[in-house]
Amino acid sequence: MTAVVTPFPRSRRAIPSRARHDRRKLIDTAAFIGAVFLLLTYSQGWVEPLMGGKEDVADSALIRTLYLPAYAVGIFLMALTPWSLVRGLVRQPFLLALLGIAGVSLIWSSSPDQTLRRLFALYFTTLGGVVIAARYSWARLAEVIAGCFAVLAVISLFVGLFVPSIGRMSDIFPGAWRGVWDEKNALGGNMALGAALCAAAALLNKRRASLWWSAAVLCVLLVLMSTSKTSLVSVGLGVGALAMVWAVRRGPTSGVAATWAAVVALGLVAGFAFFASDVVFGLLGKDATLTGRTKIWAAVIRQINERPWQGFGYAATWDDTSPWGPLAWIVHDSGFRPHHAHNSWLEQWLALGLPGLIAWSAFFLQTMVANIVALYREKGAYLALPFFVVYALMTFSESIAVQYNDMRWAIFVALAVKLALPDAQPARTTTPAEAISPRGAERIPSRSPGSP
């Protein structure tokens, strides 16, 4: 007789378990794509090609509507990790204070309707940074950010090569590449950040290192094509920060040497800038007014003196068309119409008054200290420190802090929150030496007689 073989019954839990795994994988993929899309939206790299440089529609109802999907993605990511988000916010009291002061400034804003509308955008932009920090590990967060810059770099390369009417400047600095932004310095500044962050992603993700190194090289190439000398300095700072993290993580001896080298280098640069400022300006292609920035700063300070404590309200100054408003006086004093203060510190004081400046300074200093601590303790320093160094430099010449619908502000918030939410440490396993030691023996379960 032929024996009948009965198939082994499948576990009732096998199919639901696999279904849960597939569903979780689908959610993770959707969340990753959504996070990259969120940062791409806040990069504003789509505004110039879409609107063709028309300033009167750059802040139109259509543009504001096109940011709504990014806000929806932020809510979706928040729903996936609500408790981690709460833990991250609780550890950022100065960020909460800064956002609170921005909200209260609506009461005395010189343009309440604009402040209210832009507060809505600011809160969702900040939420986007918090949620990606709360959801991802350092390695995965690096890939989210690097993925965004890689997409921007590829598109900028394409329009620079094949659509020069979009990708290159024609009136001012003809031939200089601007990619998907409105001018060459925007391309250079963003790609300088992208070079450091893509390199960090390569160092934190060995399996896809070649992909991210290629993206970093492309970003450096675009910095060169932009002809922005300041951006080249930013690339050098980012590379130097990466090298310092690498040296510190090699061991105590190299860490001490790298720390002293960084201190000496900073001292030399500061001394050279102070005693040979004309040479520095020449190397950067700037004049003593930093391309008119000092005139803007002087005009802004005069308006700050009018309202030193409360400011003029969040994001209310630069579109105020009243003939006696702060913008009218800034235009009168500087001799031209600027679009922002070209300094993140003066921008906060002008908009939020002295309490806002103090809250921003405290948030910045908290993040700086967290970066220094992470340098000696956390592999995430590969991602956080280069960005912080370049971002800190940019705050003195550009208004990039506490900005609504801005990718750089979202990334700064994400890294600041992530520094307060370190990756979970893997469970510690017992080594063979511990297993045979008296202390390790008491952790080994005893075998009952007759057990195999």
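Student: Is Tyr 71 buried or exposed?

Tutor: Tyr 71 is buried, since its relative accessible area is 5%. Buried means under 20% relative accessible area, exposed over 50%, and partly exposed in between, with a 1.4 Å probe and protein chains only. This is a predicted model, in which local features need pLDDT of at least 70 and side-chain atom pairs count only at pLDDT 80 or more, while totals for chains, interfaces and linings use all residues. Residues are numbered from 1 along each chain as its sequence is written, and side-chain values use heavy atoms, with hydrogens and water left out.

Student: How many aromatic pairs are there?

Tutor: The count is 20 aromatic pairs. Rings of Phe, Tyr and Trp (its six-membered ring) pair if their centres lie within 6.5 Å; planes under 30 degrees apart are stacked, over 60 edge-to-face, and the rest tilted. The Tyr 71 and Phe 124 rings are stacked because their centres are 4.8 Å apart and their planes lie at 20°.

Student: Where in the chain do Tyr 71 and Phe 124 sit?

Tutor: Tyr 71 belongs to helix α4 (residues 68-80) and Phe 124 to helix α7 (residues 112-135), so this pair, 53 residues apart, links distant parts of the chain. Helices are DSSP runs of H or I with at least four residues, numbered from the N terminus. Phe 124 is also buried, at 19% relative accessible area.

Student: Changing topic, what about the rings of Trp 409 and Phe 412?

Tutor: They are stacked, with centres 6.0 Å apart and planes at 20°. Trp 409 and Phe 412 are 3 residues apart in helix α19 (residues 407-419), about one helical turn.

Notes
Helices (H or I, at least four residues) and strands (E, at least two) are DSSP runs, numbered from the N terminus.
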